[in-house]
Amino acid sequence: MAVQVYRFDQPERFIAGTVGRPGERSFFLQARDATKLISVLLEKEQVSVLAERVDDMLDEILRRAGGMTTVPAVAPAELDDLEPLEQPIVEEFRVGAMTLRWDTDDEQIVMAAYAVVDDETEPPDDPDESDRDVMVVRLTGPAARAFVKRAQAVVAAGRPPCPLCSLPLDPAGHVCPRQNGYRRRD
């Protein structure tokens, strides 16, 4: 089977989103341009780490440039995307490794999400040399900030944490380690 490289240069839409109820959600990255719609499955932690790393990278670029860059300090309100994932959601692959870099010539973030493989070797520097499917997305600073804002909101929209142990609360309650195994009900 041939390796697929799904490339999005400044996509019309690039978001993190979920399907399902809190506690049972599946997380996706979804990219769309004029000709294709691609959805890849990943873990909640991967979404959280990706958003954090993109945000940190943008902050560092802004700091080093002394504000003389196209990267905004916060996500522009006009780029807010509150719409759900687009249908049909067809999982192209499950994400294993991800890479992130800054293209100084174009002033864009380049994110690559690679499919899970059995041997989980390091992904190549060039996605075109990959031995597995990969989605490559190039985002401007403002679009990257908007992605981060939504991704953080999606992650935070899960089950509320227990006020005692910070583990997620289930609707039926949970066994709180701070309560010596007694079931906590809210």
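A residue is called buried when its relative accessible area is under 20%, exposed when it is over 50%, and partly exposed in between, using a 1.4 Å probe and protein chains only. By that rule, the buried residues of helix 1 are Q46, V47, L50, A51, V54, L58, I61 and L62. The structure is a predicted model, in which local features need pLDDT of at least 70 and side-chain atom pairs count only at pLDDT 80 or more, while totals for chains, interfaces and linings use all residues. Residues are numbered from 1 along each chain as its sequence is written, and side-chain values use heavy atoms, with hydrogens and water left out. Helices (H or I, at least four residues) and strands (E, at least two) are DSSP runs, numbered from the N terminus.

**Helix 1**

- Helix 1 comprises 21 residues, 44-64, and at 1.5 Å a residue it should span 30 Å; its end C-alpha atoms are 30 Å apart, which agrees. The expected span is 1.5 Å times one less than the number of residues.
- Seen down the axis of helix 1, the buried residues fall within an arc of 135°, so they line one face of the helix. The arc is taken from the directions from the helix axis to the C-beta atoms.
- An α-helix has 3.6 residues a turn, so residues three or four places apart point the same way.
- E45, R63 and R64 are exposed on the other side of helix 1.
- The cover over the buried residues of helix 1 includes strand 2 (13-19), strand 3 (26-32), strand 4 (37-42), strand 5 (91-103), strand 6 (108-115) and helix 2 (141-156). Such cover rests on contact, which means heavy atoms within 4.5 Å.

**The loop between helix 1 and strand 5**

- G66 follows helix 1 and has a positive phi, near 60°.
- T69 is found in the loop between helix 1 and strand 5, and its relative accessibility of 19% makes it count as buried.
- Not counting residues up to four places away in sequence, T69 touches I61, L62 and E107.
- P88 also lies in the loop between helix 1 and strand 5. The peptide bond that joins Q87 and P88 is cis, with omega about 0°.

**Nonpolar cores**

- A nonpolar core is a set of buried Ala, Val, Leu, Ile, Met, Phe, Trp, Tyr and Cys residues joined through side-chain atoms within 4.5 Å.
- The largest nonpolar core has 33 residues, and those with the most contacts inside it are F14, L29, M135, V137 and F147.
- Leaving aside neighbours within four places in sequence, the contacts of L29 include F14, I38, V40, L50, M135 and F147.
- In soluble globular proteins, nonpolar side chains tend to be buried together.

**Salt bridges**

- A salt bridge is a side-chain nitrogen of Lys or Arg within 4 Å of a carboxyl oxygen of Asp or Glu. The count by this rule comes to 18 salt bridges.
- D9 and R138 form a salt bridge through their side chains (3.8 Å, N to O). D9 lies in strand 1 (residues 5-9) and R138 in strand 7 (residues 134-140), so the pair ties together parts that are 129 residues apart in sequence. D9 is exposed, with a relative accessible area of 51%, whereas R138 is buried, at 12%.
- E12 and R32 form a salt bridge in which the closest N and O atoms are 2.5 Å apart. This pair links E12, in the loop between strand 1 and strand 2, with R32 in strand 3, 20 residues apart. E12 is exposed at 53%, and R32 is partly exposed at 22%.
- D59 and R145 also form a salt bridge, with the closest N and O atoms 2.8 Å apart. D59 is in helix 1 and R145 in helix 2, 86 residues apart. D59 is partly exposed at 36%, while R145 counts as buried at 4% relative accessibility.
- Salt bridges that share partners join E12, R13, R32, D81, E86 and R150 into one network.

- Most residues other than glycine have a negative phi, and most peptide bonds are trans.
- Q10, which is not a glycine, has a positive phi of about 50°. Q10 lies in the loop between strand 1 and strand 2 and is partly exposed at 48% relative accessibility.
- E107, a residue other than glycine, has a positive phi near 50°. E107 lies in the loop between strand 5 and strand 6 and counts as partly exposed at 27% relative accessibility.
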